[in-house]
Amino acid sequence: MSSMQTVSHGSVFFSLVNRDIKLAWSQGGGSLLAIGFFFIAVSLFPFGIGPEPQVLARIAPGVIWVVALLSSVVSLDRLYQADYEDGSLDDLALSPLGMLGVATAKVLAHWFSTTLPLALAAPALGILLNLPDNAYGPLVASLLIGTPALSLIGSVGAALTVAVRRGGVLMFLLILPLYVPTLIFGVGAVDAAVTMTDPLPHLALLGATTLIAFVVGLFASVAALNLAME
């Protein structure tokens with residue numbers, strides 16, 4: 001009986017992840033909008049600052065990380081909103097997963113559909129910003145380690161504003177300060193590679209930040225959703 005329940009829970013969980021990934025890529029293009037914003041915003045910097053290779057190389061880590069962070073926020077306002085508005089969130093909360101499983105599935109789907117593609121696209125923009133060759137590995141590693149924290153922290157903001165009409169601006173104000181540690185350690189890892197120092201301490205601190213976001217973010221999201229649904 002226990003194994004059958006595990007299979008059932010796993011089936012519902014991955015079905016929900018798969019559904020949200022498909023919706024992110026098909027309805028309104030939430031993920032496409034985030035990736036398009038990422039490419040366009042980073043591409044504007046050489047025009048605004050100038051084509052000097054040394055200047056672009058110096059600002060490249062910060063620019064890529066900041067724009068990736070902002071791009072991940074673009075699609076967060078619909079993380080729970082659509083299901084809340086049509087009543088699906090109540091049904092999902094009563095499913096075998098419970099609200100914690102639902103929040104985990106939605107965060108995982110957001111990471112796969114939005115923030116992971118940003119991490120994989122970053123090297124192409126590094127070329128545009130004249131990023132040194134030895135910094136590409138730390139850039140991708142920092143984004144792969146740090147972007148789950150962006151989705152987890154963003155989930156808290158989306159849950160807190162799920163019952164607020166047009167709560168996108170409020171969500172921005174709530175979560176952007178919480179992104180600062182992830183941003184500092186992510187940029188620090190790439191900067192360390194650019195300056196020929198060891199990026200591993202920065203990556204370790206970035207990983208710790210993501211682990212803290214995993215523990216705190218999911219339970220905070222569940223508490224906020226339960227409060228909104230009362």
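Which side chains meet in a salt bridge at 2.9 Å, N to O? In this predicted model, the two partners are Lys106 and Asp20. Lys106 belongs to helix H6 and Asp20 to helix H1, so the contact ties together parts of the chain that lie 86 residues apart in sequence. Both residues are buried: Lys106 is, and so is Asp20.

The search of the whole structure finds five salt bridges, and a further one joins Asp83 to Arg19, with the closest N and O atoms 2.8 Å apart. Because Asp83 lies in helix H4 (residues 81–85) and Arg19 in helix H1 (residues 2–26), this pair ties together parts that are 64 residues apart in sequence. Arg19, Asp20, Asp83 and Lys106 are linked in a network of salt bridges.

Another salt bridge is formed by the side chains of Arg58 and Asp191, which meet at 3.2 Å, N to O. This pair, too, links distant parts of the chain, since Arg58 is in helix H3 (residues 53–74) and Asp191 in helix H9 (residues 180–194), 133 residues apart. Arg58 counts as exposed, its relative accessibility being 52%.

Ala109 has its place in H6 and, with a relative accessibility of 1%, counts as buried. When residues up to four places away in sequence are not counted, Ala109 touches Val17, Asp20 and Ile21; Asp20 is also the salt-bridge partner of Lys106. Ser113 is likewise found in helix H6 and is buried, with a relative accessible area of 2%.

The largest nonpolar core holds 59 residues, of which Phe38, Tyr80 and Tyr179 touch the most other members. The largest share of this core, 11 residues, is supplied by helix H6 (residues 98–128). Phe38 counts as buried at 0% relative accessibility, and, apart from its neighbours within four places in sequence, Phe38 is in contact with Ile64, Val67, Ala68, Ser71, Leu118, Ala121, Ala122 and Leu125.

Aromatic rings were searched for in the whole structure, and three aromatic pairs were found. In one of them, the rings of Phe38 and Phe39 have their centres 6.2 Å apart and their planes at 70°, so the arrangement is edge-to-face. Phe39, with a relative accessible area of 31%, is partly exposed, whereas Phe38 is buried. Trp111 and Phe112 also form an edge-to-face aromatic pair, with 5.1 Å from centre to centre and 65° between the planes. Of these two residues, Trp111 counts as buried at 17% relative accessibility, while Phe112 is partly exposed, its relative accessible area being 39%.

Helix H9 has 15 residues and reaches 21 Å from its first C-alpha to its last, which is close to the 21 Å expected at 1.5 Å a residue. Its buried residues are Thr182, Gly186, Val187, Gly188, Ala189, Val190, Ala192 and Ala193, and the buried residues of H9 pack against H3, helix H7 (136–160) and H10. Just after H9, Met196 takes a positive phi of about 65°. The C-alpha atom of Met196 is separated by 36 Å from that of Ala109, the two residues being 87 residues apart along the chain.

Helix H10 (residues 200–229) contains 30 residues and should span 44 Å at 1.5 Å a residue; the C-alpha atoms at its ends are 43 Å apart, which agrees with that expectation. Along its course, H10 bends by about 25° at Phe214.

Notes. Residues are numbered from 1 along each chain as its sequence is written. This is a predicted model: local features need pLDDT of at least 70, side-chain atom pairs count only at pLDDT 80 or more; totals for chains, interfaces and linings use all residues. Side-chain values use heavy atoms; hydrogens and water are left out. A nonpolar core is a set of buried Ala, Val, Leu, Ile, Met, Phe, Trp, Tyr and Cys residues joined through side-chain atoms within 4.5 Å. Buried means under 20% relative accessible area, exposed over 50%, partly exposed in between (1.4 Å probe, protein chains only). Helices (H or I, at least four residues) and strands (E, at least two) are DSSP runs, numbered from the N terminus. Contact means heavy atoms within 4.5 Å. The expected span of a helix is 1.5 Å times one less than its number of residues. The bend at a residue is the angle between axes fitted to the seven residues ending there and the seven starting there. A salt bridge is a side-chain nitrogen of Lys or Arg within 4 Å of a carboxyl oxygen of Asp or Glu. Rings of Phe, Tyr and Trp (its six-membered ring) pair if their centres lie within 6.5 Å; planes under 30 degrees apart count as stacked, over 60 as edge-to-face and the rest as tilted.
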